[in-house]
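I opened the model today to look up its helices and its pockets. My notes follow.

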Amino acid sequence: MKRIRWDLVVALALVVAHIIAVWGYTGLWWGDIGRWSHEVERFAAGELPYRDFQWHYPPLGLWVEGFAARLVGTDRDPLGAINAVLAILIVLAYVRYARQVAKGSGVGLMAV
């Protein structure tokens, strides 16, 4: 029987609790959220950043979210689901990284 990795359990519980707490909430002022969502929608529709619309950031984030949006859609809920999956993957990678950098017991909990 494998040992339970409590650092991973705590990290996943925290990120899932955060996702549940903020699902669908954009705040009183949308700020750039509406613009970024529109640019993801444009990319998913086949337009290219820097040529067809302004994108002031490196393109990797737009590519990841835009290609996923081509598969699941560009409404608020599918984009929220894409971001939730990306957040979970980032937390998993960070806990693994923390374990590798600082080997020892309970080191992953420090990452949380």
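First, my terms for pockets. On a 1 Å grid over the protein atoms alone, a pocket is an open set of points with protein on both sides within 12 Å along at least five of seven lines, and lining residues have an atom within 4 Å of a point. I join grid points across faces, edges and corners, and a volume is the space filled by probe spheres set on the points.

This is a predicted model, where local features need pLDDT of at least 70 and side-chain atom pairs count only at pLDDT 80 or more, while totals for chains, interfaces and linings use all residues. Residues are numbered from 1 along each chain as its sequence is written, and side-chain values use heavy atoms, without hydrogens and water.

**Largest pocket.** I get about 720 Å³ of space in the largest pocket. Its lining has 24 residues, and I33, E65, L79, G80 and N83 are the closest to the centre. I checked which helices (DSSP runs of H or I, at least four residues, numbered from the N terminus) take part. α1 (6–22), α2, α3 and α4 each supply at least two lining residues. α4 gives the most, with seven. I sorted the lining by class: 14 residues are nonpolar (Ala, Val, Leu, Ile, Met, Phe, Trp, Tyr, Cys, Pro), three are charged (Asp, Glu, Lys, Arg) and seven are polar (the others, Gly among them).

**Helix α2.** It runs over residues 33–44 and reaches 16 Å from first C-alpha to last, close to the 16 Å expected. The expected span is 1.5 Å times one less than the number of residues. I call a residue buried under 20% relative accessible area and exposed over 50% (1.4 Å probe, protein chains only). In α2 the buried ones are E39, V40, F43 and A44. They fall within an arc of 140° seen down the axis, so they line one face of α2. The arc is taken from the directions from the helix axis to the C-beta atoms. These residues pack against α3 (60–72) and α4 (76–101).

**E39.** Why is E39 counted as buried? Because its relative accessibility is 6%. Beyond its neighbours within four places in sequence, E39 is in contact (heavy atoms within 4.5 Å) with F53, Q54, W55 and L62.

Y50 lies in the loop between α2 and α3.

**Helix α3.** I list L62, E65, G66 and A69 as its buried residues. They cover an arc of only 100°, which puts them on the same side of α3. On the other side, L60 and L71 are exposed.

Technical notes
1 Å grid on protein atoms, 1.4 Å probe; cavity = no way out; pocket = protein on both sides within 12 Å on 5 of 7 lines; lining within 4 Å.
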